[in-house]
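Please read them with the coordinates open.

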Amino acid sequence: MARSSNFLDTLLTSPATERYRVGLSVLFLLIVWLVVGSFSQGLPNNMLLMAAAVIGGYMAINIGANDVANNVGPAVGSGALSLGAAVLLAAVFEAGGAIIAGGDVVSTIKGGIIDPTSLDDPRAFVWLMTAALLAGALWLNLATWMGAPVSTTHSIVGGVLGAGIAAGGWAIADWSVMGKIAASWVISPVLGGALAALFLFVIKKTVLYQKNLVSAARTFVPWLVAIMAWAFGTYLMIKGVSKLVKLDFTQSALIGLALAAVVFFAMRTLVGRKAATMENSTDGVNMLFTWPLIFAAALLSFAHGANDVANAIGPLAAINDAIQAGGGVVTSASIPLWVMMVGALGLAVGLMLFGPRLIKTVGSEITELDKTRAFCIALSAALTVILASQLGLPVSSTHIAIGGVFGVGFLREYLKSNYATQLHKIMEHHDPAEQERLKPFLDDFRNASVEEMENLLKQAKKKKDQVPLSKSERKRLKNIYKEEMVKRSHLFRIAAAWIITVPASALMAAFLFFALRGLMI
């Protein structure tokens, strides 16, 4: 099993297979073109519908390649799932979420950012949505190539805004809505990062910093996993099932609470059984979070497929209805099955062919993740979406998840810096003549994990005369506590990509609208 998993991981990431991945994606789009062409014969502008279907499929591929990494990246980076297993799991649940709970009606003018009824030429609506869809897909493609996870919703919002302004002027846009979207650039990552860091700090204090980790885990881990079960149960009701069966927040929360109660008793039994053979270490505690992380990745993928597939198929559905209606403006479109299939299969194809690049970035390249940290990121993602939806705050699931990764990374950096700095201050005034007695302590300190540094600090406070510090050793400690646990290059690149997503996709959409209008007139 491990050998086949390693083979799949190598196959997914091998540079030698790049041309095959591109070829398979082109083959998928060609199939979309032929299938849509076969049943749209006789329709006016059927060639435009075929082209829009291909663009919608291209957008779905890019959503799968870029956005899905946030759902499974932490599980892969922590070792709970192999890359191959994560790709297969996410592909199935993304497609399932899109088909099962994608919704019967999708608002194609995202968030009311433009007023399409103000367009002078009814045909401009079809051109506008086509340009917006293509611009969003192109920007996502570029961001994936750069290794920057960005918001697919913001990409399509920018596309609709830019093409809308090109079609109807500046007055067509609702700038108050755009202001809320801009605010989400800050709200989403800050909320996600703060909650992830808070949960990690709580786990460290209640479990990882305790002398008897096994006993602490038996007490607190079932509660932690039950909180996750409530969060994901409620999240899934709000973001997925509510599209099939109407549920308000209270009903969703109660269903989540019932699920949490079942999970609590199941986890208490499981942890109790494992306690007899469980290693009294951080690794032992980490193993308890493996299955919760796998379920979290699956549920996040299902909910993501149910919601973000609209970014690909919403505009496509609007174009389909507009063409069916003879070119009129459509602000709300029914979703035919073939459109749903284009979105669902496109998500799965994009994830399997191009997703591993971003999965590796989210899972291991920003900061080192173990299962405990990944658990906190997944939990913060669900809780932040629930909190934001109830407060009416515009947030991005991409920004929340990436904010969570940075949050746990910066907490680790702070804790290590804090411990090392205090140790430095305590020891720097000691007599250099006692360097020999300091050496064993420094060896332990250098090999210590972040969790173990607090105990070393306590020992240093009790035995100050045994831990003198020389000048060279002070420099060594400075290097230790200045170590970056969060890759600043990734932070700056991702932040820059977030900031320019809306204007970049808007400019591309405006250019594409004028080009398309010139071709069609």
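Predicted model: local features only at pLDDT ≥ 70, side-chain atom pairs only at ≥ 80, totals over all residues.

The points below run from the whole chain down to single residues.

1. The protein chain has 20 helices and 2 strands. Of its 521 residues, 57% count as buried.

2. Surface. The accessible surface of the protein chain comes to about 22200 Å². Carbon and sulfur atoms account for 64% of that area.

3. Core. The largest nonpolar core has 149 residues. Helix α6 (residues 123-146) gives the most to this core, with 14 residues. In soluble globular proteins, nonpolar side chains tend to be buried together.

4. Which residues have the most contacts inside the largest nonpolar core? They are I113 and F375. Leaving aside neighbours within four places in sequence, F375 is in contact with I203, L224, V225, M228, F289, P292 and L293.

5. Helix α4. Residues 69-77 form this helix, and 8 of the 9 are buried, so α4 is largely enclosed by the rest of the structure. The buried set is A69, N70, N71, V72, G73, P74, A75 and V76. Just after α4, G79 takes a positive phi of about 90°.

6. Is N62 buried or exposed? N62 has a relative accessible area of 4%; buried means under 20%, so N62 is buried. N62 is found in helix α3 (residues 46-66). The N62 side chain reaches the backbone oxygen of Y58 at 2.8 Å. Beyond four places in sequence, N62 touches D67, A137, L140, N141 and T144. An α-helix has 3.6 residues a turn, so residues three or four places apart point the same way.

7. Nonpolar surface patch. L24, L27, L30, I31, L34, V35 and F39 form a nonpolar patch on the surface. Together they have about 630 Å² of accessible area. F39 is one of the patch residues, and its place is in helix α2 (residues 18-39). F39 has 40% relative accessibility; exposed would need over 50% and buried under 20%, so F39 counts as partly exposed.

8. Where to look again. One is N62, with its side chain reaching the backbone oxygen of Y58. Another is α4, largely enclosed by the rest of the structure.

Conventions: Residues numbered from 1 in each chain as written. Heavy atoms only, no water. Helix = DSSP H or I, 4+ residues; strand = E, 2+ residues; numbered from the N terminus. Buried < 20%, exposed > 50% of the residue type's maximum accessible area, 1.4 Å probe, protein only. Polar contact = N/O pair within 3.5 Å; in protein donor to acceptor, adjacent residues only side chain to side chain. Contact = heavy atoms within 4.5 Å. Core = buried A, V, L, I, M, F, W, Y, C linked by side-chain atoms within 4.5 Å. Patch = residues over 30% accessible without salt bridge, like charges linked within 9 Å, V, L, I, M, F, W, Y side chains within 5 Å. Areas by Shrake-Rupley, 256 points an atom, 1.4 Å probe, with all protein chains shown as cover. Salt bridge = Lys/Arg side-chain N within 4 Å of Asp/Glu carboxyl O.
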